[in-house]
Amino acid sequence: MEQTPVKLGEGGRIVIPSEYRKALGLNIGDELLLHMENGKLILMTRSQAIAYVQEQMARYVTDGRQLSDELIADRKEQSKHE
């Protein structure tokens, strides 16, 4: 899609044009997540945010390595010393 200008309305509101909403499968009342990255606003659905975080974390995972298992083992070890 091409860039589409939108205006910032009262209370900081913007309207997402219908073609964008349709393309993303957005409906009235859907929850969106907003964050800033490198001075840009990024608006995502929850499933897009999960996929984004998974992409970001993929660089830390090597074959056969389970970060969740490592975290659990680390927490268990820490609890032994408390």
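## Basis of the values

The model is predicted, and local features need pLDDT of at least 70, side-chain atom pairs count only at pLDDT 80 or more, and totals for chains, interfaces and linings use all residues. Residues are numbered from 1 along each chain as its sequence is written, while side-chain values use heavy atoms, with hydrogens and water left out.

## The largest pocket

The largest pocket holds about 660 Å³ of space, where a pocket is an open set of points on a 1 Å grid over the protein atoms alone at which a 1.4 Å probe fits, with protein on both sides within 12 Å along at least five of seven lines. Its volume is the space filled by probe spheres set on the points, which are joined across faces, edges and corners. The lining comprises 21 residues (those with an atom within 4 Å of a point), and I14, I16, Y20, L41 and L43 lie nearest the centre of this pocket.

Two or more lining residues come from each of α1 (18–24), β1 (32–37) and β2 (40–45), with β2 giving the most, five residues; helices (H or I, at least four residues) and strands (E, at least two) are DSSP runs numbered from the N terminus. By class, the lining of the largest pocket has 16 nonpolar residues, four polar and one charged, where Ala, Val, Leu, Ile, Met, Phe, Trp, Tyr, Cys and Pro count as nonpolar, Asp, Glu, Lys and Arg as charged, and the others, Gly among them, as polar.

## The second largest pocket

About 200 Å³ of space lies in the second largest pocket, and the residues that line it are I14, I16, R21, L26, N27, I28, D30, L32 and L43. Six of these lining residues are nonpolar, one is polar and two are charged.

T45 belongs to strand β2 and counts as buried because its relative accessible area is 14%, buried meaning under 20%, exposed over 50% and partly exposed in between, with a 1.4 Å probe and protein chains only. Its side chain makes a polar contact (N or O atoms within 3.5 Å, one able to donate a hydrogen and the other to accept it, with residues adjacent in sequence counting only if both atoms are side-chain atoms) with the side chain of S47, at 3.3 Å. Leaving aside neighbours within four places in sequence, T45 is in contact (heavy atoms within 4.5 Å) with L26, E31, L32 and L33.

L67 lies in helix α3 (residues 67–80) and is partly exposed, with a relative accessible area of 30%. Apart from neighbours within four places in sequence, L67 is in contact with M57, Y60 and V61; the C-alpha atoms of L67 and M57, which are 10 residues apart along the chain, are separated by 9.8 Å.
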